[in-house]
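Please find below my notes on this model.

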Amino acid sequence: MSRPAVTLDNYDDVYRYYLDHRQNLLLARAAYAALSARFRPRVRYADGARERLRALLASDTRLIVVANHLSDRDQYTLAATAWQTPLRRVIGRTRVLAKDELFTEPRLRRAVDLMGSIPVFRSKNHGLRAVADAGRRMMDVSAQRLYRGDVLAVFPEGTCNDGDPRRIQRLGTGVGHIAVKARKLGTAPALLPIGIGYGPDPAARGAAGVYVGDPVLDLPTTPMDITRVVSERMQAAVDEAFAGR
């Protein structure tokens, strides 16, 4: 299938394409390595989390990685973190939910496609009613990718935090719906919370403090309850990310 234009009125073709899209593995690994060398996050782990994460990946447990959203640097910080952690082994089969604006300019789209991104049409840009069907299709595709063996990375806040960077924003239930849909397909994803903390100016070039929390294996059964767990674990990871700066 040829690469479709990422527009809301074309969402069905968009998600049909990203249901099967695979990036070039060698180029993807090179890109992640380059981002690690440039952004150099200072990564810390919860006690035993690194070993548990390595074991989960070795056992082919599906993962939903959730991180807070502070600036436009976050996707690069998260990619650099992946290179420095056991997540390196799943580069090439990690899907990252990313706003649709990143897919409009051809050069930038090639870059986000290389990172394994899946476009998200946000209600803040298009209106809640307009994106409802596209949102459901995006969640279906995300659940399918998990079922097929991919890792999913999500910034559940959906937009940059313009308030207190130490307190995560209210989350929508999208990540909970994806987890429930994946479970209905026959897989039980685990949750990996990651906290990102910058200095006073998130746009500055200083390295981020990143905290990898303990994976959560037994998620609740409803989207609302899963979202509550995501919020609690993300906040705990953010607390540690800022404490370690």
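**Notes on salt bridges and packing**

1. Asp20 and Arg148 form a salt bridge, with their closest N and O atoms 2.7 Å apart. Asp20 lies in helix H1 and Arg148 in the loop between H7 and strand E5 (151–154), so the pair ties together parts 128 residues apart in sequence. A salt bridge here is a side-chain nitrogen of Lys or Arg within 4 Å of a carboxyl oxygen of Asp or Glu. Helices (H or I, at least four residues) and strands (E, at least two) are DSSP runs, numbered from the N terminus.

2. This is a predicted model: local features need pLDDT of at least 70, side-chain atom pairs count only at pLDDT 80 or more, and totals for chains, interfaces and linings use all residues. Residues are numbered from 1 along each chain as its sequence is written, and side-chain values use heavy atoms, with hydrogens and water left out.

3. Asp150 forms a salt bridge with Arg95, the closest N and O atoms being 3.1 Å apart. Asp150 is buried at 1% relative accessible area, and Arg95 is buried at 1% as well. Buried means under 20%, exposed over 50%, and partly exposed in between (1.4 Å probe, protein chains only). By that scale Asp20 is partly exposed, at 49%, and Arg148 is partly exposed, at 41%.

4. The axes of helix H1 (residues 11–20) and helix H7 (residues 128–147) come within 10 Å and cross at roughly 10°. Axes are lines fitted to C-alpha atoms, for helices over the stretch in contact (heavy atoms within 4.5 Å), and angles run from 0 to 180 degrees between N-to-C directions.

5. Asp12, Asp13, Arg16 and Arg137 are linked in a network of salt bridges. The structure holds 17 salt bridges.
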